[in-house]
Amino acid sequence: MIITEQKSLEEILRMLESFRKVFIIGCGTCATVVQTGGEEQVKQMAERLKNSGKDVVGAVVVETPCDARILRRDTRNFKNVIQSSDVILCMTCGAGVQDVVEHLRKPSIPALNTKFLGIIEHIGEFYERCRACGECILHETGGICPVVRCPKGMLNGPCGGMYDGKCEVGGYKRDCVWVLIYDRLKELNMLDIYRSYKPPRDNSKLNVQPRDIIWVKN
Amino acid sequence: MSGETISELMASLKSGKFTFTGELEPEKTTNLNRYVEAAKKIKGYVVACNITDNPQSFAYISSLAASYIIQRDSGLETIYQITCRDRNRIAIFSDLLGASALGIRNVLALTGDHTTLGDTPHAKPVFDLDSVQLIKMIRRIVDEGIDMNGKPIESPPKFFIGAGANPNAHPIEPELIKFEKKVYAGADFFQTQVVFDIEKAKNFLKETSKYNVPVIIGIFPLKSYGVAEYFDKNVPGVKVPKDLMDALAKASEISDKNLRRAKYDKINLKYFSNFIKELRGTTSASGCHIMSVGYEEIIPLLVKAAE
């Protein structure tokens, strides 16, 4: 799940300063689950913008705004009203905003900050679990990712900043992921994997940006 | 630690002599006179001296430049500390070649403290390599004369490669496995985090002696009660023993400055000379790393007292 957070109304109004007629696009997938850009939040945002003197000309929650096909399908009936608006406020992740810009050709403004790729423990409790690094090694680490969960991205065990199984970054509140990995691999009787040397990562997989995947047809 | 002897530190450890090393922490300055003077004072008592690389992520003078100048102007051999926090593998490789060209022979390869702990918390943390990978990279540079991609280096550098270890780690098992990884990656010697509790040092040495790699135990003479309190409260896993703490607290109440200083020195000499004697007499420790930052004058006295 892509975890997002709503920007403050103050910041949103600042970005909207030079625009009057606003069309709002929400997200029916991640932002709906995370409750930052679903039906309810889009309705609330429209209300707040109206109270702040903006003219909200329309709104729609697109099932998956990051999928160009769905974006086009779900906005088809709003073509004219979108055309008449000054700006689109996107209650989506950054990918959604860019898809909107690309396909609807209107000034677009992000209402959310895209935080991370994570899991939802409860609503309001989200944990980053994947950096989308392009080189998955979870089979070597007991299914616990050190790339994302160690602030230094250590690959060969804990650093000197671990004490009592906790991490120095953030004041010894979070678990040291290398202690979690040790415990897990020990439990699974797989400590040999823990002992093995992990070479430096191949950053070329991450550094050639932006990354894309294009299937080649045979 | 095989092959040609390339540094005095290596020679000392090879000879089996109980070896002392010191530590200097040049800060936000371009003038190294004070550190050169400190190095001259401890020369002859320590074989070599670590020069820290932006410790605790505080932005200071480059450890490479400081290692070179202090070694050149004091005649005391330096141990160039290099961390993975601020430089990617290209920069580290390049600095290593530069260090060798400048005559630096000892390096201590560390991961480095996290950027958020220091005085420039908004900096991008690099950590392209971790300490184990860095050790392996240096080993290959030295032994095989190649870079990380297998490309040959003209006149490859020679380094005596040090690694860090933490006897205070809790749990200790993941740290012991990391120690093993550093040995297999090619560490020639270890310098440990500060230890006050001799039992922790003994247990650690018991577990690590089988690798036959010299381990130099870190100690930290406490210049004042304030320093001791700071350590006790702020360095996790490092507890200053109660009797030492009480003695320092009592000394802090002495109003005469000179008498107070003399008392502090006496307490430190007693505690740490006993510590060193026990380490030397009963364990496999190869030496002691005296991290008395800002308290260098204690080193000659302590080394003599521990004889």
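Axes are lines fitted to C-alpha atoms, for helices over the stretch in contact, and angles run from 0 to 180 degrees between N-to-C directions.

## Model and numbering

This is a predicted model, in which local features need pLDDT of at least 70 and side-chain atom pairs count only at pLDDT 80 or more, whereas totals for chains, interfaces and linings use all residues. Residues are numbered from 1 along each chain as its sequence is written, and chains are lettered from A and ligands numbered from 1 in the order in which they are written.

Helices (H or I, at least four residues) and strands (E, at least two) are DSSP runs, numbered from the N terminus.

## Helix pairs in chain B

Helix α2 (residues 33-42) of chain B packs against α3(B) at an angle of about 55 degrees, and their axes are 9 Å apart. That makes α2(B) oblique to α3(B); angles under 35 degrees count as roughly parallel, over 145 as roughly antiparallel, 65 to 115 as roughly perpendicular and the rest as oblique. The crossing of α2(B) past α3(B) is right-handed. A crossing is right-handed if the near helix is turned clockwise from the far one by less than a right angle, and left-handed if anticlockwise. On the α2(B) side, B:Tyr35, B:Val36, B:Ala39 and B:Lys40 meet B:Ala66, B:Ile70, B:Asp73 and B:Ser74 in α3(B). Residues are in contact if their C-beta atoms, placed from the backbone, lie within 7 Å.

A second pair is formed by helix α10 (residues 257-282) of chain B and helix α11 (residues 298-305) of chain B, which pack at an angle of about 45 degrees with their axes 9 Å apart. That makes α10(B) oblique to α11(B). Here α10(B) passes α11(B) in a right-handed crossing. B:Asp265, B:Asn268, B:Leu269, B:Phe272 and B:Ser273 in α10(B) meet B:Ile298, B:Leu301, B:Leu302 and B:Ala305 in α11(B).

## The barrel of chain B

Chain B holds a closed barrel of 8 strands with parallel pairing, in the order β1-β2-β3-β4-β5-β6-β7-β8. On average, neighbouring strands of this sheet are turned by 30 degrees against each other, direction ignored. Two strands pair if DSSP finds at least two bridges between them.

Strand β6 (residues 189-194) of chain B and strand β7 (residues 215-219) of chain B are paired in the parallel sense over 3 bridges. B:Val194 has B:Gly218 in β7(B) as its bridge partner. The C-alpha atom of B:Gly218 is separated by 14 Å from that of B:Val235, 17 residues apart along the chain. B:Val235 lies in the loop between α8 (225-234) and α9 (242-252) of chain B. With 16 other C-beta atoms within 10 Å, B:Val235 is partly exposed. A residue is buried if 20 or more other C-beta atoms lie within 10 Å of its own, exposed if 12 or fewer, and partly exposed in between, with C-beta atoms placed from the backbone.

## Strand β4 of chain A

In chain A, 4 of the 5 residues of strand β4 (residues 87-91) are buried, so this strand is largely enclosed by the rest of the structure. Strand β2 (residues 21-27) of chain A runs parallel to β4(A), joined by 5 bridges, and A:Ile25 stands opposite A:Cys90 in β4(A).

β4(A) also pairs in the parallel sense with strand β5 (residues 108-110) of chain A, over 3 bridges. In this pairing A:Leu89 stands opposite A:Ile109 in β5(A). Together with helix α6 (residues 94-104) of chain A, β4(A) and β5(A) make a right-handed β-α-β unit. A crossover is right-handed if, with the strands pointing away from the viewer, the path from the first strand over the helix to the second runs clockwise.

## Backbone features in loops

A:Asp164 is not a glycine but has a positive phi of about 55 degrees. A:Asp164 lies in the loop between β8 (162-163) and β9 (166-167) of chain A, and counts as partly exposed with 13 C-beta neighbours inside 10 Å. B:Ser57, also a residue other than glycine, has a positive phi near 65 degrees. B:Ser57 lies in the loop between β2 (48-51) and α3 (63-74) of chain B, and counts as buried with 21 C-beta neighbours inside 10 Å.

A cis peptide bond, with omega about 0 degrees, joins B:His170 and B:Pro171. B:Pro171 is found in the loop between β5 (160-165) and α6 of chain B.

## Contact between the chains

Between the chains, 30 residues of chain B are in contact with 26 residues of chain A. α5 (131-144) and α6 (173-185) of chain B each supply at least two residues of the side of chain B that touches chain A. α6(B) gives the most to that side, with 9 residues.

Notes:
Two residues are in contact if their C-beta atoms, placed from the backbone, lie within 7 Å.
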